[in-house]
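Please read the following note with the structure open beside it.

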Amino acid sequence: MRVPVLIVGGGYAGLSAATMLAWRGVDVMLVERHASTSIQPKAYGLNPRAVELLRPVPGLEAELGAIRQGVGEDMRIAIAASLTDPNPEILLDTNTSPLPAHLSPAPYLGAPQAEIERVLRRRAEELGADLRFSTELVSMEQDDDGVTALIRADSAETTVRADYVIAADGYHSPIRTALRIPTSGKGVLNHMHAIMFDADLGGLVNDGEVTLWYLRNDTFTGVFITGTGVGAHVLGLNAESKVADFDAVEMIRLGVGVPDLDVALLDTTTFTIAHVLADTYRAGRVFLAGDAAHTMPPTGGQGGSTALQDGCDLAWRLWLVVSGQADPAFLDSYDAERRPVGELTADAQLANLGFRMPAAQRVDYPEPIEDPFAVILGYRYRSAAILSEPDDDGLPMEDPRVPTGRPGSRAPHVVLDWDGRPISALDLFGSGFVLLAGPYGQQWVDAGRAVRDRLGVRLAPHRIGGELLDVEGVWQERYGVGGSGAVLVRPDGYIAWRSHGADLDPVGTLESALGRILSLF
């Protein structure tokens, strides 16, 4: 059996990669040792950048949004002894605060990971992905031409030959271990026991008002999320708490603050809180994604979104290569771009954890990043797939409220009119490269068509002021070009190259730029 891409692991990274690969027409197989997607709610919420990457799949954003009907936009943080504490300390989690409207058309998606995973699984299968649960990877060997994997399901073993493998196999990552990829970071920080249960909390919490409770009492410390719109609840207890089955109900009653609460236990699990970073995301034809690449503390809530972005990112890069539009060397840009972002995000989460610790325990922890929006929407890429400008400042982030349009930055949201229909500039991105030219940049549109045919690359050229109208008159400012300039945007919505104005040889200039980006020459 042969497939272009084999994915190991059915969490956020694996399912998002499978969905986006299948949507792009790439045959993909995913194997997951568990019988289904997660039962436990796991991480909560996806940030707007993660949602932006899923938006190109028709109807997917709406389907995901339906999960959270009746759930508030904001997440509150409450520090209390129990849910019935009369004097909880209430804070607003800025990581889930609504973005200013001019930054993105995508919302913060307030929903449990388990619910989102189920939607991704269903959509991936509808698009033709071969998802095999209760199936484990037994062994794997790679050579210059591909990867040979042995998988097992119900004692039956099958050999799969793949061009590339995505290792989305979690924090412990047997694939990362087998490849002897070293890791760094602070390592294991704690262990948490998660108790999933059903109970009537009516009158104790407000339905639709999402609250992350940090519980601190004489018996245990832990976390509790309420108001998500999901029937089951989860109490997370630090490992030093005793949570054997016989006292789990008592722990729940203590956390809720109702001694005689009627409780039905549904599931228990233990997970590790850690700060572990892979030293490389690529080993030959194998790519690490999600927790296999970067395990981070949950403080800040960006781990799930980062994992999902890894999967989406690998999908468009692998599609370009397996379809012949890019040279295999182009795939080196995945590690060059995503690893710094993974480290940045993991360190920000670690800093959030340290900020909530006593000062004496905060030694060697980084300082919190003041602007979470910069981590979410302002991170910048640098690699051979980005043609940076000579005056690039080298900073890892920019303020997304004041976009620069520089190569390596996320293409800003701008409201456009397309044949009388309002759209976001972001609605143009996802299915291939997009060339946006200014009102006087018709030469770039013509060049885009010529280069598209010469290189055989999926490229859609548009002229602002032509079929696309700049409703608010801000496109040139936000993209940093003149009326005769042009911007080349990648399938992930990141700017790869731009010209501030006209060019004496637009075809040659654009062909050279796109060829270098795709490692064609």
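1. Strand β11 (residues 183-198) and β14 are joined by six bridges and run antiparallel. Here a strand is a DSSP run of E of at least two residues and a helix a run of H or I of at least four, each numbered from the N terminus; two strands pair if DSSP finds at least two bridges between them. Within this pairing, Met-192 faces Asn-238 of β14. As background, strands of a sheet pair through backbone hydrogen bonds, either parallel or antiparallel.

2. The model is a predicted one, in which local features need pLDDT of at least 70 and side-chain atom pairs count only at pLDDT 80 or more, while totals for chains, interfaces and linings use all residues. Residues are numbered from 1 along each chain as its sequence is written, and side-chain values use heavy atoms, with hydrogens and water left out.

3. Strand β14 (residues 233-238) also pairs with β13 (residues 221-226), antiparallel and through three bridges. Gly-222 has Leu-237 of β14 as its bridge partner. Five of the six residues of β14 are buried, so this strand is largely enclosed by the rest of the structure. Buried means under 20% relative accessible area, exposed over 50%, and partly exposed in between (1.4 Å probe, protein chains only).

4. Strand β24 (residues 486-489) runs antiparallel to β25 and is joined to it by four bridges; Val-489 stands opposite Ile-495 in β25.

5. How many aromatic pairs are counted? There are ten, where rings of Phe, Tyr and Trp (its six-membered ring) pair if their centres lie within 6.5 Å; planes under 30 degrees apart count as stacked, over 60 as edge-to-face and the rest as tilted. One of them, Phe-287 with Tyr-334, is edge-to-face, at 6.0 Å centre to centre and 80° between the planes. This pair links distant parts of the chain, since Phe-287 belongs to strand β17 (residues 286-288) and Tyr-334 to helix α8 (residues 332-355), 47 residues apart. Phe-287 and Tyr-334 are both buried. Ring pairs also link Tyr-164, Tyr-281, Phe-287 and Tyr-334 into a cluster.

6. Arg-285 lies over the face of Tyr-164, 5.0 Å from the ring centre. A charge sits over a ring if NZ of Lys or CZ of Arg is within 6 Å of the ring centre and within 35 degrees of the ring normal. The charged end of Arg-121 likewise sits over the ring of Phe-133, at 3.9 Å from its centre.
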